[in-house]
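I opened my notebook to look around a structure that was new to me. Here is what I looked up, in the order I took it.

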Amino acid sequence: MSSDSGIVPLLTPCQMGKFHLSHRVVLAPLTRQRSYGNVPQPHAILYYSQRTSNGGLLISEATGVSVTAQGYPDTPGIWNREQVEAWKPIVDAVHAKGGIFFCQIWHVGRVSNEGFQPNGQAPISCTDKPLTPQMRANGIDIAQFSIPRRLTTEEIPSVVNDFRLAARNAIEAGFDGVELHGAHGYLIDQFMKDQVNDRTDHYGGSLENRCRFALEVVEAVVNEIGADRVGFRISPFANYSESGDSNPEALGLYMAESLSKRGILFCHAVEPRMITVGEKKECPHSLLPIRNAFNGTFIAAGGYDREEGNKAVMNGYTDLVAYGRVFLANPDLPKRFELNAPLNKYHRETFYISDPVVGYTDYPFLEDAM
């Protein structure tokens with residue numbers, strides 16, 4: 001089904017819980033590293049409002065739940081009063097244009113070093129296994145990681161509580177809900193994946209035990225803000241930050257069923273083909289079993305273009321499709337998809353620079369490019 005027939009599947013409406021979406025093109029959560037001192041900045045007002053359309057869903061960049069949650073320079077937080085107040089005008093700008101805005105909340109766990117941690121302490125994780133140094137996604141910097149400190153069984157509830165408080169703060173800042181970042185090798189994913197989790201308490205060992213932390217976070221956040229305001233991002237097949245799993249199909253299925261039982265609004269899953277950052281690989285796996293096991297709205301992400309997105313929606317493979325790099329480079333992406341207009345190319349070298357304009361709010365709109 002193409003725009004030639006007059007119907008673009010990506011641009012058909014979708015009911016997501018109580019939210020009326022006018023189309024199915026979602027702004028994926030994208031780390032931008034322009035929140036100086038972990039506080040969202042006024043330039044984010046323009047950035048997010050540029051990418052807002054009436055009835056469109058946006059998911060914010062990953063936002064730290066606590067002072068120990070950081071692992072990258074200048075990523076925003078939502079654990080203190082200053083941060084909550086700084087988010088408010090950004091959220092207001094999205095709402096003013098009719099957008100629906102969810103805050104992605106995260107804790108990086110061991111993907112950090114002592115320089116990001118309070119008093120230079122060790123990063124916390126489910127394990128004390130260190131990560132090997134990695135090339136940063138910008139292709140230039142080498143990230144160095146400190147040996148993490150394994151959380152004790154008794155400490156875990158306080159980390160769960162950090163997520164609950166962050167979710168409460170997000171609602172206070174005006175967000176429509178939160179997405180829990182359970183993907184890409186960060187803290188929740190570290191607990192879930194057997195390549196990382198080597199615990200012997202009731203948070204380790206069996207699949208159920210490894211998913212316990214994730215589901216305790218879900219339950220705490222659901223109890224705080226309501227299941228109809230909660231989404232969860234998962235990447236069972238990915239191996240970001242040395243966080244692979246020996247049975248990703250079982251992990252994805254168990255989590256989809258468990259999230260369904262808790263009645264959350266959406267499940268946001270990363271395509272199996274996205275094994276590492278920015279690479280698409282042919283693979284035999286599919287998100288369909290996870291999609292079929294989840295009762296709420298399903299979002300697929302991972303290197304989609306317009307044609308693939310239309311096909312996925314038309315075939316019932318997903319309800320919504322999240323776009324990252326192309327949405328970053330094309331603030332009016334839904335309109336371009338509607339017109340099947342050419343797309344701006346993205347500039348990877350400016351993804352993570354701290355400039356408040358360059359590579360951030362300076363990508364042209366369709367009318368400017370004419």
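I began with helix 3: its buried residues pack against helix 2 (81–96), strand 6 (100–106), strand 7 (124–125), strand 11, helix 4 (187–192) and helix 6 (212–225). For me, contact means heavy atoms within 4.5 Å, and buried means under 20% relative accessible area with a 1.4 Å probe, protein chains only. Helices (H or I, at least four residues) and strands (E, at least two) are DSSP runs, numbered from the N terminus.

I noted that this is a predicted model, where local features need pLDDT of at least 70 and side-chain atom pairs count only at pLDDT 80 or more, while totals for chains, interfaces and linings use all residues. Residues are numbered from 1 along each chain as its sequence is written, and side-chain values use heavy atoms, leaving out hydrogens and water.

Which residues of helix 3 are buried? I found Ile156, Val159, Val160, Phe163, Ala166, Ala167, Asn169 and Ala170. Just after helix 3, I saw that Gly174 has a positive phi of about 105°.

Next I turned to strand 12 (residues 230–234), where five of the five residues are buried, so the rest of the structure largely encloses it. Val230, Phe232 and Ile234 point one way, Gly231 and Arg233 the other. I recalled that side chains in a regular strand alternate between the two faces of the sheet.

Then I checked its neighbours, counting strands as paired if DSSP finds at least two bridges between them. Strand 12 pairs with strand 11 (residues 177–182) in the parallel sense over five bridges, and Gly231 is the bridge partner of Glu179. Strand 13 (residues 266–270) runs parallel to strand 12 and is joined to it by four bridges; there, Phe266 partners Gly231.

Definitions and conventions. Buried means under 20% relative accessible area, exposed over 50%, partly exposed in between (1.4 Å probe, protein chains only).
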